[in-house]
Amino acid sequence: MFRGVTNINLDAKGRVAMPTRYRERLAEHCGGQMVVTIDTEEHCLLIYPIDEWEVIQRKIEALPSFNPAARRIQRLLI
């Protein structure tokens, strides 16, 4: 849906303000329900519509919990 880099800021209460140019498209595409998570390789946040995130979450949950790398990913993202 979106690609590229957008710098954002947190307010005094730790809230992220979504850039104005994305608000309408996000509301339309996500219905206001989305997941914001980290990228495990880069210093950035990723935003997913809830239905797309649920597919990713199921895959993450299916990773072997006895594998230290998989367990780390599970802890970071879920």
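Residues are called buried under 20% relative accessible area, exposed over 50%, and partly exposed in between (1.4 Å probe, protein chains only). The model is predicted, so local features need pLDDT of at least 70 and side-chain atom pairs count only at pLDDT 80 or more, while totals for chains, interfaces and linings use all residues. Residues are numbered from 1 along each chain as its sequence is written, and side-chain values use heavy atoms, with hydrogens and water left out.

**View A. Nonpolar surface patch around Leu45.** The patch consists of Ile8, Leu10, Val16, Val36, Ile38, Leu45, Ile47 and Leu76, which together have about 650 Å² of accessible area. Patch residues have over 30% relative accessible area and no salt bridge, and nonpolar side chains (Val, Leu, Ile, Met, Phe, Trp, Tyr) are joined within 5 Å. Strands β1 (34-38) and β2 (45-49) each supply at least two of the patch residues; strands are DSSP runs (E, at least two residues) numbered from the N terminus. Leu45 lies in strand β2 and is partly exposed because its relative accessibility is 46%.

**View B. Aromatic pair of Tyr48 and Trp53.** Rings of Phe, Tyr and Trp (its six-membered ring) pair if their centres lie within 6.5 Å; planes under 30 degrees apart are stacked, over 60 edge-to-face, and the rest tilted. The count is 1 aromatic pair. Tyr48 and Trp53 form this tilted pair, at 5.6 Å centre to centre with 40° between the planes. Tyr48 is partly exposed at 21% relative accessible area, whereas Trp53 is buried at 5%.

**View C. Salt bridge between Arg15 and Asp11.** The whole structure has 1 salt bridge, defined as a side-chain nitrogen of Lys or Arg within 4 Å of a carboxyl oxygen of Asp or Glu. The closest N and O atoms of Arg15 and Asp11 are 2.7 Å apart. Arg15 is partly exposed at 48% relative accessibility, and Asp11 is partly exposed at 33%.

Conventions
Patches are made of residues with over 30% relative accessible area and no salt bridge: like charges are joined within 9 Å, nonpolar side chains (Val, Leu, Ile, Met, Phe, Trp, Tyr) within 5 Å. Accessible areas come from the Shrake-Rupley method with a 1.4 Å probe; for residues, only the protein chains shown count as cover. Helices (H or I, at least four residues) and strands (E, at least two) are DSSP runs, numbered from the N terminus.
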